[in-house]
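Here are my notes on the model you sent over. Have the structure open while you read, and look up each point as it comes.

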Amino acid sequence: MFKKDHILILILIIIILAISIAIISMSHVDNTVSPKNTSSTTEIIANDTVGTVKVIKNIGNPNSKKIAYVVGVHPLENETHKTLLKLLPALTDLNYCYDIYVINVTKDIGHYGDGYSDNSPGRQNGQNLAYKYVYPQIAEGDYELAVDIHSNVGAYEYKTFVFSPVKESLSGEYAKKIADSSENISYYVPDSTTSGPFLTVPLNENGVPAFYFEEYSFAPQGEKDSHMLELIHAIDNLELK
């Protein structure tokens, strides 16, 4: 009986040690996946009657050239917006410094993005917020490039693509290079865009190359993640002029 008691105690000690080692190992893994861009900051730049605008600054290499991303111009294309916001801030070893301008429409959001009317009041509210608050910040902010993130319901010839609304422009050159270096991103120019006059066109006209990224609204999230990472890395490897 005495020996059995010792054996039971030994087994119990081994179990406790194993649990302790497992807890320490789990803690170590948690530490390795802690937030990676500790230098990034968030600033509210507008609190309007139709929505808010904030900017997440200094993602990536804060000592390098600056690139702006914009999400939320068309509010119900938000799954693609969320994808960028999830992926970009978590990346390390980026060549450039990135700011993400986040438009959050709170009034009359509408239905666009679910396959309904593309003329909802919320769509125009987002465009107005972009022109009033985001455009001046980027135009005066020493950016080398701006990328406006959107999605579509599959009415175009391509579902995942980039394009510049301004022909024969540096932004078009950049967008074509993105498409050329990407397996799943095409270069395709739709007949028209409602948001162009509120952000990408005036940016191009005032010295900041700006182009669109369009993703298919109903793509599986895994595809959205893959395409977005493809975009991010292709942009991060551009030779900016």
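1. Ground rules. This is a predicted model, where local features need pLDDT of at least 70, side-chain atom pairs count only at pLDDT 80 or more, and totals for chains, interfaces and linings use all residues. Residues are numbered from 1 along each chain as its sequence is written, and side-chain values use heavy atoms, with hydrogens and water left out.

2. The sheet. Eight strands make an open sheet in the order β1-β2-β4-β3-β5-β8-β6-β7, with mixed pairing. At the edges stand β1 and β7 (186-187), each with a single partner strand, so one side of each has no neighbour in the sheet. Two strands count as paired if DSSP finds at least two bridges between them. As background, strands of a sheet pair through backbone hydrogen bonds, either parallel or antiparallel.

3. Strand pairs to look at. Start with β1 (residues 41-47) and β2 (residues 51-60), which run antiparallel and are joined by 6 bridges. A hairpin of 3 residues connects β1 to β2, and Ile44 sits opposite Lys54 in β2. On to β4 (residues 97-105): this strand pairs with β2 in the antiparallel sense over 8 bridges, with Ile56 opposite Ile100.

4. Contact means heavy atoms within 4.5 Å.

5. Salt bridges. How many salt bridges does the structure hold? There are 7, each defined by a side-chain nitrogen of Lys or Arg within 4 Å of a carboxyl oxygen of Asp or Glu. One of them joins Glu43 and Lys57 at 3.0 Å, N to O; this pair links β1 to β2 across 14 residues. Glu43 is partly exposed at 36% relative accessible area, and Lys57 is partly exposed at 25%. The cut-offs are under 20% for buried, over 50% for exposed and partly exposed in between (1.4 Å probe, protein chains only).

6. Lys132 meets Asp48 at 3.5 Å, N to O. The two are 84 residues apart, Lys132 in α3 (residues 121-139) and Asp48 in the loop between β1 and β2. Asp48 counts as buried at 18%. Lys86 and Asp225 meet at 2.9 Å, N to O, and link α2 (residues 78-87) to α6 (residues 221-236) across 139 residues. Lys86 is partly exposed at 43%, whereas Asp225 is buried at 19%. Look too at Glu173, Lys177 and Lys241, which are linked in a network of salt bridges.

7. The second largest pocket. Its volume is about 260 Å³. Among the 16 lining residues, Ser164, Val166, Lys167, Tyr187 and Val189 are the closest to its centre. Helix α4 (residues 170-180) gives the most to the lining, with 3 residues. A pocket here is an open set of points on a 1 Å grid over the protein atoms alone, where a 1.4 Å probe fits, with protein on both sides within 12 Å along at least five of seven lines; lining residues have an atom within 4 Å of a point. Grid points are joined across faces, edges and corners, and the volume is the space filled by probe spheres set on them.

8. Ile178. This residue is in helix α4 and is buried, with a relative accessible area of 0%. Leaving aside neighbours within four places in sequence, Ile178 contacts Val162, Phe211, Leu231, Ala234, Ile235 and Leu238.

9. Positive phi. Asn58, in strand β2, has a positive phi of about 65° although it is not a glycine. Asp93, in the loop between α2 and β4, has a positive phi of about 60° and is not a glycine either. Are these two buried, partly exposed or exposed? Asn58 is partly exposed at 28%, while Asp93 is exposed at 74%.

Notes
Helix = DSSP H or I, 4+ residues; strand = E, 2+ residues; numbered from the N terminus.
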